[in-house]
Amino acid sequence: MDTSTDTLTDSPTGSVTDRVTDCVREPPTAAETRHLVIEPSILYFGTPVVLLTTENDDGSANLAPISSAWALGQVVVLGLGADGQTAHNLGAGPGPRRELVISLPAPDQWPAVERLAPLTGRDPVPASKPPACRFEPDKFGASGFTPTPSHLVGPPRVAECPLQLEAYADRVQPDVSGRFLIVEAVVRKVHAAPDIVVPGTDHVDPAAWSPLIYNFRHYFGLGPERGHTYRSETAAMTGTTAGVPEPAPR
């Protein structure tokens with residue numbers, strides 16, 4: 001925003017507090033009156049589930065599902081509970097322990113993901129974990145997923161997942177609350193199932209690929225495509241032509 005046009009900085013009279021108070025006392029618009037003010041216990045408003053593979057102290061692999069992951073170019077930002085085994089492994093310091101694999105399951109793989117949900121690689125189980133959480137050293141076996149060797153990093157990939165990202169956690173730091181870790185992982189190699197790749201290209205076909213979405217603690221896939229951004233590189237390749245409709249008259 002250009003602060004020269006900001007009402008709070010451009011008004012010549014009255015204190016900032018007075019002006020904020022005046023703004024708050026403005027009568028609500030019609031759109032605002034259609035909303036409820038709520039205090040949800042969670043804010044998982046619909047993000048992809050990813051499975052993180054990291055290396056334990058004894059060299060074995062830990063496998064954990066998380067729902068806080070998003071990409072910035074070739075960097076994937078991850079949010080982890082600070083007391084979990086994944087946070088312990090990635091927080092061990094620079095070197096091989098910072099290597100990880102980010103595997104993305106498909107929607108129909110949600111039962112295997114859910115089998116992982118109540119498990120932890122921490123022994124004893126941290127007090128911050130839910131009451132039903134239990135220690136499990138062999139998470140691949142418990143979930144039914146299969147480990148397969150990676151090319152550039154030590155931890156294995158999840159063989160059944162259509163997308164697998166080998167990565168290195170370049171930055172690991174606590175969040176503002178101290179309850180979580182924020183990890184910035186640089187992707188080094190991408191593995192994709194052939195049926196989700198546009199033939200003859202390095203592009204993932206968005207019509208063929210659907211991530212598993214964690215939506216307020218429920219699992220979903222993607223629905224039919226509604227359109228695409230103007231920056232799409234695959235729309236012409238896959239025959240997608242849906243443009244942005246004109247706004248409805250007011």
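## Strands β4 and β5

In this predicted model, β4 and β5 run antiparallel and are joined by four bridges.

## The seven-stranded sheet

Both strands belong to an open sheet of seven strands, arranged in the order β3-β2-β6-β11-β12-β5-β4 with antiparallel pairing. Its edges are formed by β3 (61–66) and β4 (69–72), each of which pairs on one side only. From one strand to the next, the twist averages 30 degrees.

## The three-stranded sheet

A further open sheet has three strands in the order β1-β13-β14, and here too the pairing is antiparallel. Because β1 (45–48) and β14 (218–220) each have a single partner strand, one side of each is left without a neighbour in the sheet. The pairing of β1 with β13 (residues 213–215) extends over three bridges, and Pro48 stands opposite Ile213 in β13.

## Nonpolar cores

The largest nonpolar core holds 22 residues, of which Leu52, Leu78, Leu100 and Ile102 touch the most other members. Two or more residues each are given to this core by β2 (50–55), β5 (75–81), α4 (85–90), β6 (99–104), β11 (163–174) and β12 (180–192). Leaving aside residues up to four places away in sequence, the contacts of Leu52 include Leu63, Ile66, Leu78, Leu80, Leu100 and Ile102, as well as Asn62 and Thr86.

Definitions and conventions: Residues numbered from 1 in each chain as written. Predicted model: local features only at pLDDT ≥ 70, side-chain atom pairs only at ≥ 80, totals over all residues. Heavy atoms only, no water. Core = buried A, V, L, I, M, F, W, Y, C linked by side-chain atoms within 4.5 Å. Buried < 20%, exposed > 50% of the residue type's maximum accessible area, 1.4 Å probe, protein only. Contact = heavy atoms within 4.5 Å. Pairing = 2+ DSSP bridges. Axes fitted to C-alpha atoms, helices over the stretch in contact; angles between N-to-C directions.
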